[in-house]
Every structure is written in structure tokens, then in C-alpha cells.
Amino acid sequence: MKDFWREYAENRVALLALLVVAAFIGTALAAPWIAPQDPYDLAGLELADARRPPGFVGSGGYAHLLGTDAQGRDLFSAILYGLRISLQMGLVAGAVAMTVGALLGILAAQAGGWVETAIMRVVDLQLSFPAILLALVLVAVLGQGKSQLIIALVAAQYAYFARTAYGAASAERRKDYVEAAAATPLSTFRIVFRHILPNVLPPLIVVGTVQVANAISLEATLSFLGLGLPPTEPSLGMLIANGFQYMMSGRTWISVYPGIALIVLIVAINLVGDQLRDQTNPRLRR
């Protein structure tokens with residue numbers, strides 16, 4: 001781990017990206033104590049404070065550092081709470097998709113035969129469709145809500161993990177140590193989870209990092225289109241959508257600041273994933 005961290009820290013851009021991701025997660029967790037306003041408390045919103053520019057001192061007696069949106073929400077507070085939702089959706093959907101996809105991919109590689117053919121043909125068929133198209137269809141069918149959105153994100157992303165796990169497990173399954181383990185009285189369950197799975201995890205972790213960013217982007221896209229979470233739980237995508245109609249009137253801050261936060265978060269996560277990919281790829285190691 002020391003060598004891994006030392007090599008990671010040599011890339012200053014990736015190190016800065018990791019610090020940015022950690023800062024976003026820390027501020028999102030501490031939002032109830034940092035934010036001057038609870039954007040979910042509709043009774044505490046004042047329409048007289050709506051669409052005010054950055055620095056405006058509202059009826060609450062404090063300055064709105066990033067201005068307010070069309071409902072009178074303090075935009076800084078709304079972004080912090082929106083980060084909580086976006087990160088929650090991305091991490092939960094990514095973890096569930098990784099678990100489901102890894103199990104299916106390893107099962108296909110270990111079982112072989114018609115099981116392998118059936119699972120991988122379904123995975124290949126799903127990979128032929130854009131993830132956003134699958135997510136749109138599922139959200140339209142399931143409706144709005146956190147659970148429905150997580151199901152849609154998982155269904156749109158698990159195939160990437162399944163394909164990665166299948167490729168890695170197929171390569172590991174042909175190696176001598178797995179054949180030696182299969183020659184002993186060890187059960188298939190123990191061979192898979194004790195010997196194959198630990199060697200499949202590195203590429204899965206890399207894919208998982210990238211897919212978390214993709215899940216956050218998908219959630220923001222669905223919320224922007226009005227198919228994500230309900231308006232009472234504004235994520236970053238919903239905040240961007242709320243200010244889109246005011247862009248031509250000069251009130252650009254309503255959409256620009258949440259958009260900047262979303263872009264910085266996604267780019268930082270992708271940079272971390274790129275560095276992890278480079279370090280776990282033996283062809284790229286120095």
C-alpha cells in the first residue's frame with residue numbers, strides 16, 4: 001500500500017483530483033452544519049428572496065454567497081445538499097451494479113456452457129444500447145423516487161462490470177493456481193471467492209470509479225429532464241434545470257454554479273479512475 005500510494009502521489013494532477021473528491025464528500029456530509037439554510041424546508045423559503053444575485057443579503061439576515069434560485073433557496077446550501085444526493089445515488093448505484101455485474105461475470109466464466117452463453121449474450125445485447133436510453137425507459141416505467149432511480153442506474157450499468165469480471169475471471173481460470181485448487185477437494189464456491197475474486201477486483205475497482213462518475217452524470221441528466229428525483233429533493237441536475245429558463249435574462253448563476261460543481265466532481269472522479277487504471281495495468285507500469 002505504501003508503494004501504491006507513493007506511485008499515486010507522483011501524479012500531481014491525480015493527487016489534486018483525489019483531494020477535490022475528498023473535499024466534495026466532506027462538504028456533502030457536513031452540509032447540515034455548513035449550509036446556512038435547509039433547502040428542503042419549503043416553509044422556510046421566502047419568494048421575496050428568489051432569483052437574487054450572489055452576495056445578496058436576504059430576509060434571513062445572511063448573505064447568499066452564490067445567490068438564490070427561483071424558489072428563494074440559498075444556492076450555496078442547495079448545491080451542498082445536491083452534492084449529497086448526487087454522491088449518494090452514484091455510490092449506491094455503483095456499488096450495487098458492481099456486485100451484480102461481478103457475480104454474473106464470474107458465474108459465466110466459471111460455469112461455462114449454456115450458462116456462459118446466455119449471460120454474456122444478454123450483457124452484450126445491453127452494451128449495444130446507450131446507457132442513457134435504458135435509464136430513460138426504466139425511469140419512465142418505474143416512476144420518480146430514489147429507489148426507482150437506483151434500480152434504473154444499476155440496470156443501465158451492471159453490464160460494464162459483468163463484461164470486465166468475465167474477461168478477468170476467464171483469464172484467471174486458466175492459470176495454474178486455479179487448476180491446482182480445482183484438483184483439491186475445495187468447493188467451487190471457495191475457489192471462486194477465495195482465489196479468483198481477489199484477482200478480479202483490481203480491474204473492477206477501476207471500472208467502478210469511472211462508473212460512479214457515469215452514474216452521477218446519468219442521474220443529473222435524468223433530473224435535468226424532469227425524470228429523476230422529485231422537485232422537493234433537488235439534486236445538481238435539478239438545480240441546473242431550475243435555472244435554465246433564466247439563462248437569457250442574465251440570471252446565469254442559478255444554473256452555472258451547480259453546473260460547475262457537477263463538472264468539477266465528474267472530472268475529478270474520472271482523473272482518479274484514470275490513475276488507478278494506469279497503476280493496475282501491468283503494460284503501463286514503469
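User: Let's take contact to mean heavy atoms within 4.5 Å. With that in hand, what covers the buried residues of α10?
Analyst: Bear in mind that this is a predicted model. Helix α10 spans residues 236–244, and it is mostly covered, with seven of its nine residues buried. Those seven are Leu236, Gly237, Met238, Leu239, Ile240, Asn242 and Gly243. The cover over them includes α4 (75–111), α9 (188–224) and α11 (253–280).

User: Zooming out, how many helices and strands does the protein have?
Analyst: Reading from the N terminus, the elements go α-α-α-β-β-α-α-α-α-α-α-α-α. The C-alpha trace spans about 75 × 45 × 30 Å along its principal axes. The count comes to 11 helices and two strands.

User: What percentage of the residues count as buried?
Analyst: The protein exposes about 14,400 Å², and carbon and sulfur atoms supply 66% of that. On the contact side, take those with a separation of 6 or more: 70% of them are between residues 24 or more positions apart. Buried means under 20% relative accessible area. By that cut-off, the buried part of the 286 residues is 43%.

User: Which element gives the most to the largest nonpolar core?
Analyst: That core has 41 residues, and Val123, Leu149 and Val200 have the most contacts inside it. The elements giving two or more residues are α4, α5, α6, α7 (146–173), α8 (176–182) and α9. With 14 residues, the top contributor is α7.

User: And what does Val123 touch, leaving out residues up to four places away in sequence?
Analyst: Val123 is one of the residues with the most contacts inside the largest nonpolar core. Once those sequence neighbors are set aside, its partners are Tyr158, Ala159, Ala162 and Arg163.

User: How many residues are in the second, separate core?
Analyst: Among its members are Ile216, Ala220, Ile266 and Ile269. This second core stands apart from the other one, and its size is 31 residues.

User: On to charges. How far apart are the closest N and O atoms of Arg121 and Asp124?
Analyst: Arg121 and Asp124 are three residues apart in helix α5 (residues 113–127), so about one helical turn separates them. Arg121 is partly exposed at 45% relative accessibility, and Asp124 is partly exposed too, at 26%. The two form a salt bridge, with the closest N and O atoms at 2.8 Å.

User: What is the N to O distance where the side chains of Arg277 and Asp278 meet?
Analyst: Asp278 counts as partly exposed, with a relative accessible area of 26%. Its side chain and that of Arg277 meet in a salt bridge, N to O, at 3.1 Å.

User: Now the surface. Which helix gives the largest share of the nonpolar patch?
Analyst: The patch covers about 650 Å² and is made by Leu125, Phe129, Leu133, Val137, Val141, Leu142 and Ile151. Patch residues need over 30% relative accessible area, and Leu133 is partly exposed at 41%. Leu133 sits in helix α6. Four of the patch residues come from that largest contributor, helix α6 (residues 131–142).

User: What does UniProt say about residues 83–273?
Analyst: Over that stretch the chain is 83% helix and 0% strand, with the end C-alpha atoms 19 Å apart. The unreviewed UniProt entry annotates it as "domain: ABC transmembrane type-1".

User: Which residues does the "transmembrane region" annotation cover?
Analyst: Residues 85–110 are 100% helix in the model, and their end C-alpha atoms are 37 Å apart. Residues 254–273 are also 100% helix, with 30 Å between the end C-alpha atoms. According to the unreviewed UniProt entry, the annotation covers residues 85–110, 122–143, 149–166 and 254–273.

Methods: Residues are numbered from 1 along each chain as its sequence is written. This is a predicted model: local features need pLDDT of at least 70, side-chain atom pairs count only at pLDDT 80 or more; totals for chains, interfaces and linings use all residues. Side-chain values use heavy atoms; hydrogens and water are left out. Patches are made of residues with over 30% relative accessible area and no salt bridge: like charges are joined within 9 Å, nonpolar side chains (Val, Leu, Ile, Met, Phe, Trp, Tyr) within 5 Å. Accessible areas come from the Shrake-Rupley method with a 1.4 Å probe; for residues, only the protein chains shown count as cover. A salt bridge is a side-chain nitrogen of Lys or Arg within 4 Å of a carboxyl oxygen of Asp or Glu. Buried means under 20% relative accessible area, exposed over 50%, partly exposed in between (1.4 Å probe, protein chains only). UniProt positions are given in the numbering used here, feature names are shortened, and annotations may be inferred rather than shown by experiment. A nonpolar core is a set of buried Ala, Val, Leu, Ile, Met, Phe, Trp, Tyr and Cys residues joined through side-chain atoms within 4.5 Å.
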